[in-house]
Amino acid sequence: MYAKEVNNQAPQSADELKAKLNPATNPYGATGWNYWWDQEVPNNPTYQAWFWENIVTSDNAVYSMLWDKAVPELWSNQYYYNYFFTTAVPTGMAISYSFSFSASSSFR
Amino acid sequence: MPAAASDKNVKIFTDISTAQLPDWTQHYKNYLWNKAIPELWANQHYYQYFFNTAVPEQTAQSYYYNKFWNNLVPEFTANSFYYKKLWDKAIQENWMANSSNPYRTVFWETMVPAGFGPQSASPKDIFTESKDKVNKQYTWANHYEYYLWNKAVPEDWSGEAGPPIGNSYSYKWTFWTYMIPLGVADNFYTDRFWSKAVTEGWANNYYYNTLITAGNESWAGGYYIPN
């Protein structure tokens, strides 16, 4: 089993919430990753801030779930889709130094 | 509940992230513009939403509309992905013709006449044949205006050789048979054509030279036949 397997306590930090959201550390179930994606993050401003500002940019599993599933599949009554397109992108959220894609100057 | 210190850290981090940082340091913008849309992530979800809804319907208080027309295209973002999609596809194929802002209509009737899109290319290859470059130099401040007058029309961007057939939206055909004769955009093209493009020798005299022979060309629609 994973060393950081989650317990049933409310997360006290972004790292603890990350463990709740990752299927590897919180398997599907009544309080599994699906519950935290469907119920807790969309309805808790503190979790939302951790999620969008810290967790997505630092966890490959959550990052993939958001971009590949939660946004395009309109999870949680379109919460992720709406927040992504109306807030996260327009307001320039979350510093990310992992990758940089410089604009190309190649013309026709 | 989260500790107060954690809340404070999140707040500070948020403030920093929105303070005049370039797009590539901002996670969601960076990945959306450079990866998710051009690489057609999630079965084209981001690509389809952006081109079919976000831009033409001006969602998020026109954020995507302005971003597309004012930055992504003229700044050649993502290896010119947006630039090529607009010039090679969206305008010529008349994308989203029934939407609030069809690409073709917005381009011809708003972007070029209104001067959208900061010019990021150096228009150094124009006016080389001008007889009076100093006095007649035109300021190409607009990406769309520059590329239309100096590239797309003179070079007949469309990939089609010969006269257009049927419902063609090639730049050359649209310009000579529609924009000039009909005085579209409050005569923006008509006025500029006669007062500047022809007389000042724009695009190495393309407009002047083409006008001379346009009366005999079927694509010119008969408008240019001398009286």
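This is a predicted model: local features need pLDDT of at least 70, side-chain atom pairs count only at pLDDT 80 or more; totals for chains, interfaces and linings use all residues.
Is N205(B) buried, exposed or partly exposed, with 18 other C-beta atoms within 10 Å?

Figure 1. Written out along the sequence, the pattern of chain B reads α-α-α-α-α-α-α-α-α-α-α. Chain B has 227 residues, and 38% of them count as buried. Now think about residues that touch although they are separated in the sequence. Among the contacts in chain B with a separation of 6 or more, 53% join residues 24 or more positions apart.

**Figure 2. The bend in helix 4 of chain B.** Look at N66(B), where helix 4 of chain B bends by about 35°. Several side chains to look for are Y64(B), K67(B), F68(B), W69(B) and L72(B), which are buried. The partners of the buried residues of helix 4 come from chain B too: helix 2 (27-36), helix 3 (41-54), helix 5 (77-90) and helix 6 (103-114).

**Figure 3. Helix 6 meets helix 10 in chain B.** A pair of packed helices is described by the angle between their axes and the distance between the axes. For helix 6 and helix 10 (residues 184-197) of chain B, the angle is about 60° and the axes are 10 Å apart. The two helices are therefore oblique to each other. Their crossing is left-handed. To find the place where they meet, look for W108(B), E109(B) and P113(B) in helix 6, and for V184(B), A185(B) and F188(B) in helix 10.

Figure 4. N204(B) is not a glycine, but its phi is positive, at about 55°. N205(B) is not a glycine either, and its phi is about 65°. How does their exposure work out? N204(B) has 16 C-beta neighbours inside 10 Å, so this residue counts as partly exposed. For N205(B) the count is 18 other C-beta atoms within 10 Å, so N205(B) is partly exposed. A residue needs 20 or more such neighbours to be buried and 12 or fewer to be exposed.

Terms used. Residues are numbered from 1 along each chain as its sequence is written. Chains are lettered from A and ligands numbered from 1 in the order in which they are written. Helices (H or I, at least four residues) and strands (E, at least two) are DSSP runs, numbered from the N terminus. Two residues are in contact if their C-beta atoms, placed from the backbone, lie within 7 Å. The bend at a residue is the angle between axes fitted to the seven residues ending there and the seven starting there. Axes are lines fitted to C-alpha atoms, for helices over the stretch in contact, and angles run from 0 to 180 degrees between N-to-C directions. Angles under 35 degrees count as roughly parallel, over 145 as roughly antiparallel, 65 to 115 as roughly perpendicular and the rest as oblique. A crossing is left-handed if the near helix is turned anticlockwise from the far one by less than a right angle, and right-handed if clockwise.
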